[in-house]
Amino acid sequence: MATDYDAPRVREEDQPANESLEALKAQRSASTQNSAIDADETDTAEGLDLPGAVLEEELQIQVIPEQQDEFTCMSCFLVRHRSQLAREKNGNKYCKDCEG
């Protein structure tokens, strides 16, 4: 909230003490902006279109299991070729990038 430093300051003693709490709440709520989203309760995330969003169809890919000449690094969890194997400890394999 911006503060106007040039505005005259009012001391606490000068403020009227007879203002009710309800009047202060009404004044405060009238001055604040409402940031509620205009959406129905029945709307789902799929029903809302975001401006600038790229909506693509679901990709259909084929997952190929780990091959005989590949391993999964236990540090970066990438599938690497056997030529990238730096060390093997307790059955866990680590690539050259993680060990370097």
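How many disulfides does a search of the whole structure find? The search finds 0, a disulfide being a pair of cysteine sulfur atoms within 2.5 Å.

1. Basis of the note. This is a predicted model, in which local features need pLDDT of at least 70 and side-chain atom pairs count only at pLDDT 80 or more, while totals for chains, interfaces and linings use all residues. Residues are numbered from 1 along each chain as its sequence is written, and side-chain values use heavy atoms, with hydrogens and water left out.

2. Cysteines. A disulfide is a covalent bond between the sulfur atoms of two cysteines. For Cys 73, the closest cysteine sulfur is that of Cys 76, and at 3.7 Å it is too far for a bond. Cys 73 is buried, at a relative accessible area of 0%, whereas Cys 76 is partly exposed at 27%. Here buried means under 20% relative accessible area, exposed means over 50%, and partly exposed lies in between (1.4 Å probe, protein chains only).

3. Overall make-up. The chain has 2 helices and 4 strands, arranged along the sequence as α-β-β-β-β-α. These elements are DSSP runs numbered from the N terminus: helices are H or I with at least four residues, and strands are E with at least two. Of the chain's 100 residues, 6% count as buried.

4. Contacts and surface. Contact means heavy atoms within 4.5 Å. Among the chain's contacts with a separation of 6 or more, 4% are between residues 24 or more positions apart. Accessible areas come from the Shrake-Rupley method with a 1.4 Å probe; for residues, only the protein chains shown count as cover.

5. Arg 80 belongs to strand 2 (residues 79-81) and is buried, at 17% relative accessibility. Leaving aside neighbours within four places in sequence, Arg 80 is in contact with Asp 69, Glu 70, Phe 71, Cys 95 and Asp 97. With Asp 97, the side chain of Arg 80 forms a salt bridge (3.1 Å, N to O). That pair links distant parts of the chain, as Asp 97 is in helix 2 (residues 96-99) and Arg 80 in strand 2, 17 residues apart. Asp 97 itself is exposed, with a relative accessible area of 54%.

6. The other end of helix 2's pairing. Which side chain meets that of Glu 99 in a salt bridge? The partner is Arg 87, at 2.9 Å, N to O. Glu 99 lies in helix 2 and Arg 87 in strand 3 (residues 85-89), so this pair ties together parts that are 12 residues apart in sequence. Glu 99 counts as partly exposed at 35% relative accessibility, and Arg 87 does likewise at 33%. The count of salt bridges comes to 2, by a rule that asks for a side-chain nitrogen of Lys or Arg within 4 Å of a carboxyl oxygen of Asp or Glu.

7. Nonpolar patch. Leu 59, Ile 61 and Val 63 form a nonpolar patch on the surface, with about 390 Å² of accessible area together. Patches are made of residues with over 30% relative accessible area and no salt bridge; like charges are joined within 9 Å and nonpolar side chains (Val, Leu, Ile, Met, Phe, Trp, Tyr) within 5 Å. Val 63 sits in the loop between helix 1 (21-31) and strand 1 (70-72), and counts as exposed at 69% relative accessibility.
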